[in-house]
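User: I'd like to go through the labels on this model and see what backs each one. Can you take me through them?

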2 protein chains.
Amino acid sequence: MRIVRFASPQGMSFGVLDGDGQVAQIEGHPFGQISFTGARYAQADIRLLSPILPSKVVCVGKNYADHIAEMKGLTGDAPKEPLLFLKPSTSVIGPGDAIRIPAGSTNVHHEVELGVVIGARGARNISPEQVGASIFGYTIGNDVTERDMQQSDGQWTRAKGFDSFCPLGPWIETDLPGVGLDPADLEVTCTVDGEQRQSGRTSSLIFDVPTLISYISRVMTLLPGDVVLTGTPAGVGPIRPGQRVECTIEGLGSLANSVAAADAVSTAGGSR
Amino acid sequence: MRIVRFASPQGMSFGVLDGDGQVAQIEGHPFGQISFTGARYAQADIRLLSPILPSKVVCVGKNYADHIAEMKGLTGDAPKEPLLFLKPSTSVIGPGDAIRIPAGSTNVHHEVELGVVIGARGARNISPEQVGASIFGYTIGNDVTERDMQQSDGQWTRAKGFDSFCPLGPWIETDLPGVGLDPADLEVTCTVDGEQRQSGRTSSLIFDVPTLISYISRVMTLLPGDVVLTGTPAGVGPIRPGQRVECTIEGLGSLANSVAAADAVSTAGGSR
């Protein structure tokens, strides 16, 4: 099932994206038993949002050998254990939203990643064997990164934490096996203005999804709706205002975002 | 005004801690105009919780010269700009709750810090001069850190992100000047089992509060209730199960927490 979150003139809702391309609105949230309101929308009449608003986005660095090789001068060798970092919830945007380049920055990179969405049971201190029951589904994430700040700060929080630096979507697939796909072997690609930049398969993950979720759950409780981004394959590179970056994963659709200059209007808590 | 959050037999509420030590319950949240329910509780009849549940805790590393000196072998020289990292919301606990030492860990340290709580206006792209209007008040934070993992991981997320690694409280003071105190010059101390370990003053912060909040707001939007921890003075050191760590800041009371061994029960989303 493809779960989306969307804005209509009536407000925000979750829904199910049908085979005919229409969205069937659901009552409340999509965890647990789903009940439909009966309302259906053509995609042209609604705006897809990030399919979930996670309390946190837990990311994994250096989890594809080819990406470790291309980044070696900056981030070193392969880790012995999963390398964790966080993106704040305020960095999340949806499909079609603009990635905003910070003022003065010239080295913002795309990083396509398989995203795991945690289900209603959450995850705390679980074994790899228990992970399946804690997964709600899969989506696409773009771990947008300011490469110069990543190097100068050492800690990656600022470089990866700007508002708009975490596109998620377009939907959450809750049953990849049901559509004949294995989350452990999905093609992952990223194009910029139609030109292919990244290409890999989730079968190349150094630490696989059960290992990652179990590991993270032994550090911090994963809450329903939290998102784990599993690392990016080789081919990362810069994006500039005016470009369009599109992240695609088999079975999960394409997550396309424009790139814009920063909105630097000074506000004390005004509109985002 | 001293804002607390508490659990009573009737549920969770915010309240105001009066001069007589009683808690006056307030309607809803404490941002904006406060209205009282009329219910009053003796502290013995309620349990204080973390005074806020932040969407994120943004922390600042290496912000006191004496702490930079004691940590130099591990974390290097003073930063040219504020060094940011995040603690997940799941790490937050309240006064009296137990800090839980991860299984196998022998090097978990206390770090007392002045905490800034963001108010209803939030903060985005604001100047240092605008920061005052975005601050709700001040509280105490303990940036609990697993020092061995901090070194081995490089990224500090795991070392500082364990459940229970962010005690906050006991209250939020919304008017330090009203009680004759200046947030820019408060005594900050930490004791373990009554023995003084850390001592400093916020006048020694390398980057002061207006600079920090402005800087962070240009990276990530700070939402109402978000907490910024401003760095720790010298004297950090290990804590062990059975000990009691008490962080004290002038005008903000004392944040006392026991230290316990990890609860390693394996649960797929069970109780925390």
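User: How many residue pairs are in polar contact between domain 1 of chain A and domain 2 of chain A?
Analyst: Three, with both residues at pLDDT 80 or more. A polar contact is a pair of N or O atoms within 3.5 Å; within protein, one must be able to donate a hydrogen and the other to accept it, and residues adjacent in sequence count only if both atoms are side-chain atoms. Mind that this is a predicted model: local features need pLDDT of at least 70, side-chain atom pairs count only at pLDDT 80 or more, and totals for chains, interfaces and linings use all residues. Side-chain values use heavy atoms, leaving out hydrogens and water, and residues are numbered from 1 along each chain, with chains lettered from A.

User: Why is R47(A) with D97(A) called a salt bridge?
Analyst: The rule wants a side-chain nitrogen of Lys or Arg within 4 Å of a carboxyl oxygen of Asp or Glu. For R47(A) and D97(A) the closest N and O atoms are 3.3 Å apart, so the pair passes. Across the interface of the two domains, the rule finds two salt bridges.

User: What makes up the side of domain 1 of chain A that touches domain 2 of chain A?
Analyst: By class, seven nonpolar, no polar and three charged residues. Ala, Val, Leu, Ile, Met, Phe, Trp, Tyr, Cys and Pro count as nonpolar, Asp, Glu, Lys and Arg as charged, and the others, Gly among them, as polar.

User: Where do the domain bounds come from?
Analyst: From an automatic or database domain assignment, which puts domain 1 at 2–48 and domain 2 at 50–261 of chain A.
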